[in-house]
Every structure is written in C-alpha cells, then in structure tokens.
Amino acid sequence: MIDEQRIVKVGMAELNIITGHGLIRTTGLGSCVGLTLFDPHTKVAGLAHVMLPTSDIAREGVLNVAKYADTAVPTLLDQLISNGAVKSRIVAKMAGGSQMFTFAGTGDSMRIGPRNVESCKIKLSELGIPLIAEDTGGNYGRTIELNCETGILFIRSVQKGVKEL
Amino acid sequence: MDVLKEVGNIGAGNAATALSRILDKPIDMAVPNVQMLPFEAITDRVGGAENIVLAVYFRVEGDAPGNLFFILSPEAAKKLLHYLAGLEMGTEDEFSEMEWSALAEIGNILAGSYLSSLADFTSLSLIPTVPALAMDMAGAILGYGLLQFGEMGDSALVIDTTFIEGQYAVEGQFFLIPDPESFDKIFIALGVPMNHD
C-alpha cells in the first residue's frame, strides 16, 4: 500500500511542527530564514519561517512570535518538547537569509537577511541547540522541506538547483 | 480605499500610456486592486510563492516612502524585449546583460510615469531609486517589500495593476506597497478625512 506523502506547509511568518512521517515545507524564502529543529529519536520536527531579526521592533497589537528570530526559536523548541522531543537530542538546520536586491545606499533593511541569520544563531546558542547545517546568504530565493523521518533538509533554488543538508 | 484605487488607476493609466507609446501598440489595463492582503495572498497574486518571476524593484523615497515592484513572467519579459528592442527571442531561460539592462530601462520608464502621475495627483514628492532586477521565486522577491509591514502585522496594503497587450499577451503587474507610515500622508494629500478607530 502506498502511503500518500503528508506535507505540512508553513507560510511566511508562521511556524509549525510535524511528527512521525512526512515533510514540513516552506516556499519562497528570500531574506527570511527557514529554521528547522529535529529530534532524530522521536521523529519530531519543526519549522519556522522567520521574517525579522528581533521582536524589539514589533509595533503590532498581538505579537506574532513566529515572525521574529528571538521569539520564534524558543517557541518552536517548546512545541517540539511538548510533543515528545527531548531537548538534548534536538539539532537545528537552517536556510535563507539572502539579500535579494543589492544596490548601494539604502539603509539597514538591505541587510535584513544576514541579520536574520545572526539572530537565529545567537538564539540557538543561548538555548544550547547545535546548528549542524546551514545554507544561508547569497542573492537568491529558496524553498525548503525537512523530512521528519530522516532529518534531511532539501533546498531548492532557481539558480543553484537542489541541495541536501 | 476607493480613492486609493483611483490613484492606482491614474498611475497605472499613465504607465500603460507610456508603454503603449514605446511599443506603438494599444495596451489595456485591468482595473487595479487596492486591498489589505495577508502576506500569503500577495504572492498568490503572482502565481504563488514558488512561481518564477522577473521583478524590477524600486525603493520609493520622498514624502510617502514605499516599495514598488514591476513584475513580469520570464516569457512576458522575453516578448517585451522582442517587440520593444527587436531582440531575438531566445528560447533559453537566461537573459543576457543587454536584455537585463533593457528591462531595467523599461521598468524605469514605466515606474517613472507611474510615480510621477501619483506625485502630480497627491502633490507629494515620490522619487524612485535606481532599479534593481531579480529573477527568482515570487515569495522571495515580494517578501522583501513586506518587511516594513512585518513590524506591524501580517498583512499589507497593495495597489496592484495588470497590463494586457492583447494580441501579444504581454502581461505585467505593478505592486505598490506604501510603508505603513505613508498611508496618512497619502490620505491627507488626497483630502480624505482621517478617522482612526
């Protein structure tokens, strides 16, 4: 019997988890970062589509924790743990954080991609989660999906084709 | 919203006129959409986050800053280059340096006429930066224009317009995403009474 592949989709500024089998995917990452957490033993995986580096700049009414690196990483970690993952086994992979447009003299928002990457790394190291692979930077978009049985992260881009981490 | 729609209409009307002048062909324009849209819905307007598009991006500076994108499918861009610059229509997906700079220039002319009519109408100064080009996933490209909105919520104001050049089906879209702070300025300039609830 062929099992239909289960795919959990994560939109911009969203996060979600998947357990057991299937893929968790987010499409069209530019300066955003796709951060994944995975416990290889219990097969619990999570993905956050992080848009901005820090929630300090948030001016929204109700904070969307998935959107900011500093709030998305701990929230995703909590969700994995409450679904049976064990913190000491959890590993992180991430992709994205590119600079889609490069031209001079247009302020700090041009560097948002690299800043998203830095902010995710800082938060991971504060939480003691090892970052075991990354494909970040550049000037191109990426679509990523994590297989929650193997922990393999597939990365697809227009310019660079397919990559596995 | 109606008044913003009118502004979009006028801007796009001028850009369509400019395009039809350079192409020497009539260009139709679909009535623009002005809406607060969730981020996901914005990329759906150009075929989904993964759809490959060619974008000419301008940061708009001046009184009411924002982000302006002129978006084409790669096929439409090839057609545009063919009709406009008489360049051979290559079958490969790549664009030469020459085609790339021609597209930047076309984008520049269109964005210039779009913005200058908005500026005339609102008496606001709106200055586009030099164009930046990218051909990539729509989500990655448009996501960049949503960053300022990201600080405030998960939806953005988008003024979107589609051009249709009937016979040859060259289609392009303008996305104007004014910064959140620019709304009030645009509304005041248009003489719309402000009522914040």
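This is a predicted model: local features need pLDDT of at least 70, side-chain atom pairs count only at pLDDT 80 or more; totals for chains, interfaces and linings use all residues.
Figure 1. What share of its 197 residues counts as buried? The figure is 55%. Chain B has 7 helices and 7 strands. If you trace the chain from the N terminus, the elements come in the order α-β-α-β-β-α-α-β-β-α-α-β-β-α. Take the contacts in chain B between residues at least 6 apart in sequence: 71% of them join residues at least 24 apart.

**Figure 2. Strand β4 of chain A, seen with its covered faces.** Which residues sit on each side? One side holds V33(A), L35(A), L37(A) and D39(A), while G34(A), T36(A) and F38(A) are on the other, and all of them are buried.

**Figure 3. The strands that pair with β4(A).** On one hand there's β5(A), residues 44-50, which pairs with β4(A) in the antiparallel sense over 7 bridges. These two strands form a hairpin with 4 residues between them, and K43(A) takes a positive phi near 55 degrees there. On the other hand there's β6(A), residues 91-96, which also runs antiparallel to β4(A) and is joined to it by 6 bridges.

**Figure 4. The largest pocket, with lining residues from chains A and B.** About 440 Å³ of space lies in this pocket. Its lining has 19 residues, and the ones nearest the centre are Q159(A), W100(B), A134(B), M135(B) and D136(B). Which elements of chain B each supply at least two lining residues? They are α3 (74-85) and β5 (132-137). The largest share, 5 residues, comes from β5(B). Sorted by class, the lining comes out as 11 nonpolar, 4 polar and 4 charged residues.

**Figure 5. The second largest pocket, with about 230 Å³ of space.** There are 15 residues lining this one, and V10(A), G11(A), T27(A), E40(B) and A49(B) are the closest to its centre. Two elements give two or more residues to the lining: β3 (23-29) of chain A and α2 (39-44) of chain B. Of these, α2(B) gives the most, with 4 residues. By class, this lining splits into 4 nonpolar, 7 polar and 4 charged residues.

Definitions and conventions. Residues are numbered from 1 along each chain as its sequence is written. Chains are lettered from A and ligands numbered from 1 in the order in which they are written. Side-chain values use heavy atoms; hydrogens and water are left out. Buried means under 20% relative accessible area, exposed over 50%, partly exposed in between (1.4 Å probe, protein chains only). Contact means heavy atoms within 4.5 Å. Two strands pair if DSSP finds at least two bridges between them. On a 1 Å grid over the protein atoms alone, a cavity is a set of points where a 1.4 Å probe fits but cannot get out, and a pocket is an open set with protein on both sides within 12 Å along at least five of seven lines; lining residues have an atom within 4 Å of a point. Grid points are joined across faces, edges and corners, and a volume is the space filled by probe spheres set on the points. Ala, Val, Leu, Ile, Met, Phe, Trp, Tyr, Cys and Pro count as nonpolar, Asp, Glu, Lys and Arg as charged, and the others, Gly among them, as polar.
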